Amino acid sequence: LDTISEWFKSYNIDSIISGCNTTLSLFKDSLPDIFNQPVQNILENTEHHYTQNEYSVLSTENSCKNELFSHFLSKKIIQEIPCPNLANLIENNQITEAVSLANAFIKKSKYPTIILGCTHYPLIINQLKQEHPEKTFINPAKCLKIHPVITGSCPTIHFKTTGNESLFNLMINQHLQLNSYTINNMPNTTQASKKEYLKSIS
């Protein structure tokens with residue numbers, strides 16, 4: 001995070017949204033200090049969208065350990081289900097294996113409404129809906145309202161990744177419709193730090 005923070009400063013980034021719930025569960029109170037500015041997250045001010053009394057949550061092991069959604073929806077009955085390796089399979093575009101693994105976790109769910117608690121998981125939401133028509137799946141990012149900060153012509157979007165650029169490009173084409181974008185590896189990011197990141201979200 002310190003490396004990312006320094007990179008943000010070098011580009012005068014002035015608006016930050018953390019798209020990783022695992023990062024939120026581990027560093028929520030520290031993020032504003034690390035980035036020297038407010039850091040929005042995808043759960044912030046979205047509680048009113050959750051109108052059921054009971055939810056099962058598929059989440060990473062760290063999010064589950066830190067009871068991220070139990071704290072977030074403290075007035076609800078929450079079952080948090082840790083999903084080891086699911087995010088890693090999705091990130092590597094191993095969709096068949098990811099759906100199979102997710103099915104095993106979904107069998108443990110007690111409630112008909114399931115929150116996809118890691119931002120990787122909605123990438124397979126269509127497959128999960130087909131496999132489990134009796135369940136309702138929620139993508140928390142859909143509840144987040146972001147005020148547009150860019151007006152006029154379509155901007156170029158710049159992606160920075162610690163992973164394989166070709167694989168990342170393939171997944172962008174599968175899930176997003178973008179007219180103009182670039183992809184580059186994050187500077188000063190070692191393979192060891194990537195392994196630590198993948199471990200944290202698994």
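Helix α1 is followed by Asn-12, whose phi is positive, near 55°. Helices (H or I, at least four residues) and strands (E, at least two) are DSSP runs, numbered from the N terminus. The model is predicted: local features need pLDDT of at least 70, side-chain atom pairs count only at pLDDT 80 or more, and totals for chains, interfaces and linings use all residues. Residues are numbered from 1 along each chain as its sequence is written, and side-chain values use heavy atoms, with hydrogens and water left out.

Helix α1 has a buried side. Ser-5, Trp-7 and Phe-8 are buried in α1. Buried means under 20% relative accessible area, exposed over 50%, and partly exposed in between (1.4 Å probe, protein chains only). Seen down the axis of α1, the buried residues fall within an arc of 165°, so they line one face of the helix. The arc is that of the directions from the helix axis to the C-beta atoms. An α-helix has 3.6 residues a turn, so residues three or four places apart point the same way. The face of α1 turned away from the buried side carries the exposed residues Asp-2 and Ser-10. The buried residues of α1 pack against β1 (16-18), α3 (31-35) and β7.

Ser-5 lies in α1, which spans residues 2-10. Its relative accessible area is 2%, so Ser-5 is buried. A polar atom of the Ser-5 side chain lies 2.8 Å from the backbone oxygen of Ile-34. Neighbours within four places in sequence aside, Ser-5 is in contact (heavy atoms within 4.5 Å) with Ile-34 and Phe-35.

Aromatic rings come next. The structure holds eight aromatic pairs. Rings of Phe, Tyr and Trp (its six-membered ring) pair if their centres lie within 6.5 Å; planes under 30 degrees apart count as stacked, over 60 as edge-to-face and the rest as tilted. Trp-7 and Tyr-11 form a tilted pair, 4.7 Å centre to centre, with 35° between the planes. Trp-7 counts as buried at 16% relative accessibility, whereas Tyr-11 is exposed at 51%. The rings of Phe-159 and Phe-168 have their centres 5.4 Å apart and their planes at 65°, so this pair is edge-to-face. Phe-159 is buried at 17% relative accessibility, and Phe-168 is partly exposed at 26%. Ring pairs also link Trp-7, Phe-8, Tyr-11 and Phe-35 into a cluster.

In soluble globular proteins, nonpolar side chains tend to be buried together. The largest nonpolar core here has 20 residues. Such a core is a set of buried Ala, Val, Leu, Ile, Met, Phe, Trp, Tyr and Cys residues joined through side-chain atoms within 4.5 Å. The residues with the most contacts inside this core are Leu-58, Leu-86, Leu-116, Tyr-121, Ile-124, Leu-128 and Phe-137. Two or more residues each come from α6 (86-91), α7 (95-106), β5 (113-116) and α8 (125-131). The largest share, five residues, comes from α7. Leaving aside neighbours within four places in sequence, Leu-58 is in contact with residues including Ile-81, Phe-105, Ile-114, Leu-116 and Tyr-121. A second, separate core of 15 residues includes Leu-43, Tyr-55, Phe-72 and Ile-138.

Cys-154 lies in the loop between β6 (136-138) and β7 (157-161). Its relative accessible area is 53%, so Cys-154 is exposed. Cys-154 and Leu-178 are 24 residues apart in sequence and 9.4 Å apart in space, C-alpha to C-alpha.

Terms used: A polar contact is a pair of N or O atoms within 3.5 Å; within protein, one must be able to donate a hydrogen and the other to accept it, and residues adjacent in sequence count only if both atoms are side-chain atoms.
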